[in-house]
Amino acid sequence: MSFRKEKKFRLTKSDMQFLKKSLLLKGMTELYQKRKVNSNYFDTFEMRMFHDSDEGILPRKKVRIRSYNDQNKFTKELKITSEEGRYKKSSTILSTSSCLNDFKKLLDKSYGVLTPSLFVSYYREYYSFYNLRITFDSSIKYKSLRVKLPLEIRDPECVMEIKTPINVDDDFISKVISMPSSRFSKYCRGIIMTN
């Protein structure tokens, strides 16, 4: 497991376009093609993962099943935040399922039985700048998976994320991106916006 540091920056759509253009002019390069990300988040009946994340409790975890570009290839991801830092565990799901919504229940050692709680989709662009991995997420949409007739809610904001190894100094990141970082959990935002 390798710990990583994540810095998030909340942006309007026009701010995101301006910042991306500015960084491209300074030498930022594209790593991968833009793709659509679809995730089903899972939680306990009492929404313990949401509450732990919203309150900043350590250690905490988020569990999701993800697919890209509407393909029928699924990955189970555990995002773990501990006192030592953050890390992610991913595993490919070998399944006959043809749809993200076919996954109805998961079992977690710490939290117990998990059921689908929130669907999140967005478009992600991948870049590299001064050995920092930078992503831009836009057109973020949320849909509750705990109500009979869920409404799709659009997030008015976008987010830029910087992911680095844990040993990269915060001062170095601040010199490259001279704006304050902020909290932006799609899971927490989606749960609040859809309820």
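**Rings, charges and strands**

Guide: Let us start with Tyr126, which is buried, with a relative accessible area of 3%. Please keep in mind that this is a predicted model.

Visitor: Why is Tyr126 called buried?

Guide: Buried means under 20% relative accessible area. Tyr126 has 3%, so Tyr126 is buried.

Visitor: How many aromatic pairs does a search of the whole structure find?

Guide: The search finds 7 aromatic pairs. One of them brings together the rings of Tyr32 and Tyr126, with centres 5.3 Å apart and planes at 85°.

Visitor: What makes the pair of Tyr32 and Tyr126 edge-to-face?

Guide: Ring centres must lie within 6.5 Å to pair, and planes over 60 degrees apart count as edge-to-face. With 5.3 Å between the centres and 85° between the planes, Tyr32 and Tyr126 meet both conditions, so the pair is edge-to-face. This pair links distant parts of the chain: Tyr32 belongs to strand β2 (residues 29-43) and Tyr126 to strand β7 (residues 112-129), 94 residues apart.

Visitor: And why is the aromatic pair of Tyr41 and Tyr187 called stacked?

Guide: Here the distance is 4.9 Å centre to centre, with 20° between the planes. Planes under 30 degrees apart count as stacked, so 20° puts Tyr41 and Tyr187 in that class.

Visitor: Which parts does the pair of Tyr41 and Tyr187 tie together?

Guide: Tyr41 lies in strand β2 and Tyr187 in helix α4 (residues 186-194), so the pair ties together parts that are 146 residues apart in sequence. Ring pairs also link Tyr41, Phe50 and Tyr187 into a cluster.

Visitor: Are Tyr41 and Tyr187 buried or exposed?

Guide: Tyr41 has 5% relative accessibility and counts as buried. Tyr187, at 2%, counts as buried too.

Visitor: What makes α4 largely enclosed by the rest of the structure?

Guide: In α4, 7 of the 9 residues are buried, so the helix is largely enclosed by the rest of the structure. The buried residues of α4 are Lys186, Tyr187, Cys188, Arg189, Gly190, Ile191 and Thr194.

Visitor: Which other strands pair with β7?

Guide: Strand β6 (residues 106-108) pairs with β7 in the antiparallel sense over 3 bridges, and Leu106 stands opposite Leu114 in β7. A hairpin of 3 residues joins β6 to β7. β7 and β8 run antiparallel and are joined by 11 bridges, with Phe129 opposite Leu132 in β8. Between β7 and β8 the hairpin has 2 residues, and Tyr130 takes a positive phi near 50° there.

Visitor: Why is β7 called largely enclosed?

Guide: In β7, 13 of the 18 residues are buried, so the rest of the structure largely encloses this strand.

Visitor: What makes Thr135 buried?

Guide: Thr135 is at 0% relative accessibility, and the limit is under 20%, so Thr135 counts as buried. Thr135 lies in strand β8 (residues 132-144). Leaving aside neighbours within four places in sequence, its contacts include Arg124, Tyr126 and Val159.

Visitor: Why is Pro165 called partly exposed?

Guide: Buried ends at 20% and exposed means over 50%, with partly exposed in between. Pro165 has a relative accessible area of 45%, so Pro165 is partly exposed. Its place is in strand β10 (residues 158-165). Beyond neighbours within four places in sequence, Pro165 is in contact with Phe3, Arg4 and Lys5.

Methods. Residues numbered from 1 in each chain as written. Predicted model: local features only at pLDDT ≥ 70, side-chain atom pairs only at ≥ 80, totals over all residues. Heavy atoms only, no water. Helix = DSSP H or I, 4+ residues; strand = E, 2+ residues; numbered from the N terminus. Buried < 20%, exposed > 50% of the residue type's maximum accessible area, 1.4 Å probe, protein only. Contact = heavy atoms within 4.5 Å. Phe/Tyr/Trp six-rings, centres within 6.5 Å; stacked < 30°, edge-to-face > 60°. Pairing = 2+ DSSP bridges.
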